[in-house]
Amino acid sequence: MLYHYTDFAAFDGIIRCAELRLNNILNMNDASEMRLFMNGICEAVVEKLDQDGDFEKSHKLEAFFRRELAEEFHYSAYAACFSRYRDDAAQWERYGHLGQGVCIGFHGELMQKMIGGAVSLQEVYYQEDMRGHPLVNEFYRLIKNTEKFTKRFPQLQALMNYAWVQSAAFKHPSFASEKESRLVVSPFISNEFAVVPKYHVAADRIKKYYPLDLNRLCGKLGLHLPHLVGEIIIGPTSSQSPPILQDYLEDCGLNILREKITLSKCPLRKPTS
């Protein structure tokens, strides 16, 4: 199961509207970690090339990475976050509206079968030293096996695009306890990506996001949204009435989900005013 901790406003969008919003990672706290990931890959590959004495190739690779990083907004990825932890205190506090929200449990295997193309489901990679990442050897082998390093290098650009996709699921190892997975949309890797972006206008700024139609994704497997949802957990400090939530689900035409409601057993204290 993959657990998505959120508030009830977002829950309404997911359940009633069957729409999962994927937000721009560059607007999250993880933007710096994307850059850390890309710089770490570059440094590890450059180190291997320098050890071989291939200084010309290592300098050209550094320059290539610098140009790519300067265009990071072009490679904006959008993500929704999940944890493998059920009813977890840290998740409630960080993402579940301080425990006043709700947690939706999704069947991870079904979700994996529904996606493809520009949409990927990734386990977050927690690592500070990037030398052990598989991408390092992929870049290294590609550069080593290329006689002439020119600006027109489609294989390198394709690998760079893949690296940007991977960077969307990278976090500092201090967050490893979250056991996070991410549903990631990378619009830049496909000219035929069918989902149109939308914009949320708030009082202080406008945010861009990609809405995933959960009914359409479920339909690929001949399923419906209730098949994807395994559990709905009311937060430990929430004032939500279970019977009202059951009525809400029934009026949304999702009567089957009524029996999937549980109450959190996490002993999280209610916030004091």
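Tutor: Let's start where Leu-61, Phe-64, Phe-65, Glu-68 and Leu-69 in α3 meet Leu-156, Gln-157, Met-160 and Trp-164 in α7. By class, that contact has 7 nonpolar, 1 polar and 1 charged residues. Bear in mind that this is a predicted model.

Student: Why quote a distance between the axes along with the angle?

Tutor: Because two packed helices are described by both.

Student: Then how do you know what to call α1 against α10?

Tutor: Helix α1 (residues 8–15) and helix α10 (residues 242–251) pack at about 30 degrees, with axes 11 Å apart. The cut-off for roughly parallel is under 35 degrees, so α1 counts as roughly parallel to α10. As for handedness, α1 passes α10 in a right-handed crossing.

Student: Which residues meet there?

Tutor: From α1 you have Phe-11, Asp-12 and Ile-15, and from α10 Leu-245, Tyr-248 and Leu-249. By class, the contact has 5 nonpolar, no polar and 1 charged residues. Asp counts as charged, so Asp-12 of α1 is the charged one.

Student: Back in α3, is Ser-58 buried or exposed, and how do you know?

Tutor: Ser-58, which is found in helix α3, has 0% relative accessibility. Buried means under 20%, so Ser-58 counts as buried. Leaving out residues up to four places away in sequence, Ser-58 touches Val-46, Leu-49 and Asp-50.

Student: And why is Leu-121 called buried when its relative accessible area is 16%?

Tutor: The cut-off is under 20%, and 16% falls below it, so Leu-121 is buried. Leu-121 lies in strand β5 (residues 119–123). Its contacts, not counting residues up to four places away in sequence, include Leu-2, Met-111, Ile-115 and Leu-183. Leu-121 and Glu-180 are 59 residues apart in sequence and 11 Å apart in space, C-alpha to C-alpha.

Student: What makes β1 count as mostly covered?

Tutor: For strand β1 (residues 2–6), 5 of its 5 residues are buried. Leu-2, His-4 and Thr-6 point one way, while Tyr-3 and Tyr-5 point the other way, and all are buried.

Student: How do you know that β1 pairs with β4?

Tutor: Pairing takes at least two bridges. Here 5 bridges join β1 to strand β4 (residues 102–106), so the pair qualifies, and the strands run antiparallel. One of the bridges is Tyr-5 with its partner Cys-103 in β4.

Student: What about the whole protein: how many helices and strands are there, and what share of residues is buried?

Tutor: There are 10 helices and 12 strands, and buried residues make up 48% of the 273 residues. The C-alpha atoms fill a box of roughly 70 × 40 × 40 Å along the principal axes. Among contacts between residues at least 6 apart in sequence, 80% join residues at least 24 apart.

Conventions
Residues numbered from 1 in each chain as written. Predicted model: local features only at pLDDT ≥ 70, side-chain atom pairs only at ≥ 80, totals over all residues. Heavy atoms only, no water. Axes fitted to C-alpha atoms, helices over the stretch in contact; angles between N-to-C directions. Helix = DSSP H or I, 4+ residues; strand = E, 2+ residues; numbered from the N terminus. Parallel < 35°, antiparallel > 145°, perpendicular 65-115°, else oblique. Left-handed = near helix turned anticlockwise from the far one by under 90°. Contact = heavy atoms within 4.5 Å. Buried < 20%, exposed > 50% of the residue type's maximum accessible area, 1.4 Å probe, protein only.
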